[in-house]
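Hi,

Here is the model I promised to pass on. Have a look at it first, and my notes follow below.

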Amino acid sequence: MPRLDDHFWSCSCAQGARHRGRPAARARGLAAKVGEMITSSVAGPSLRAAHSAPDTDPAPGPRSPGEGARGGGSGHTTTWHHHLLQRSLVLFSVGVVLALVLNLLQVQRNVTLFPEEVIATIFSSAWWVPPCCGTAAAVVGLLYPCIDSHLGEPHKFKREWASVMRCVAVFVGINHASAKLDFANNVQLSLTLAALSLGLWWTFDRSRSGLGLGITIAFLATLITQLLVYNGVYQYTSPDFLYIRSWLPCIFFSGGVTVGNIGRQLAMGIPEKPHSD
């Protein structure tokens, strides 16, 4: 059993050790603070001189993130405009070819009559028809994918060139039927072509934007044609819808859907238009 004097001796020794450790710890802390102050006083002037000295290094350094973003945006914009020009030229060429082929059929069947002085001997068509149809095709073909992008509804139904070529063939067939088929009256022909045009849209498009744009294009094109015929630019034989044939809006509708499909196919894989800050 421990004695009482041993207990007192051990307590006094422990307290003395603690008292001796505290000044040592304080001394170490004070020394560390003094060292930090000396280091800061020595390094401070050199750091301030380094920050205030101008950068005279002639070697070009890496560009800042802002400059890199501006450079990338400029290149992206150039690429987008380049693709836009290419698509416009392709669509314009398609419109010119379709106008020459289809209008030739209408003229040969005496459905469309032009004045003799404006008929081109090579294509049997007025000189202004191909460029006007080419411009309209370029506008319509660029408008379809643009509307799809703004609506957030990318068109993915039958997105391959084989389907586009079949759509063009059906459109040419509808136009051929308008000149070749003989019905008892124009109303029956108009209803038949309307059913064929809606069938073309359902088979190769099936989008709400395609249907809405097709109807809008048919309305505007019909109105422009009425004005042209009214002003004597050309005329239709046996008109039954004011100055034109009643089936003409069906041709415009199916033509808009066809050119829209071509424009959508050309726009596949093309980057979207960059947004300006």
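For the chain, the mean pLDDT is 75, and 65% of residues reach 70 or more.

A word on the ground rules: this is a predicted model, where local features need pLDDT of at least 70 and side-chain atom pairs count only at 80 or more, while totals for chains, interfaces and linings use all residues. Numbering starts from 1 along each chain as its sequence is written, and side-chain values use heavy atoms, leaving out hydrogens and water.

Now to the helices (DSSP runs of H or I, at least four residues; strands are E runs of at least two; both numbered from the N terminus). The axes of H3 (residues 129-151) and H6 (residues 208-230) come within 10 Å and cross at roughly 140°. Axes here are lines fitted to C-alpha atoms over the stretch in contact, with angles from 0 to 180 degrees between N-to-C directions. On the H3 side, the contact includes Val-140, Leu-143 and Tyr-144; on the H6 side, Leu-213 and Ile-217 are among the residues.

Which loops do Trp-128 and Tyr-234 lie in? Trp-128 lies in the loop between strand S3 (125-126) and H3, and Tyr-234 in the loop between H6 and strand S4 (235-236), so the pair ties together parts 106 residues apart in sequence.

Best wishes

How values were computed: pLDDT = per-residue confidence, 0-100. Contact = heavy atoms within 4.5 Å.
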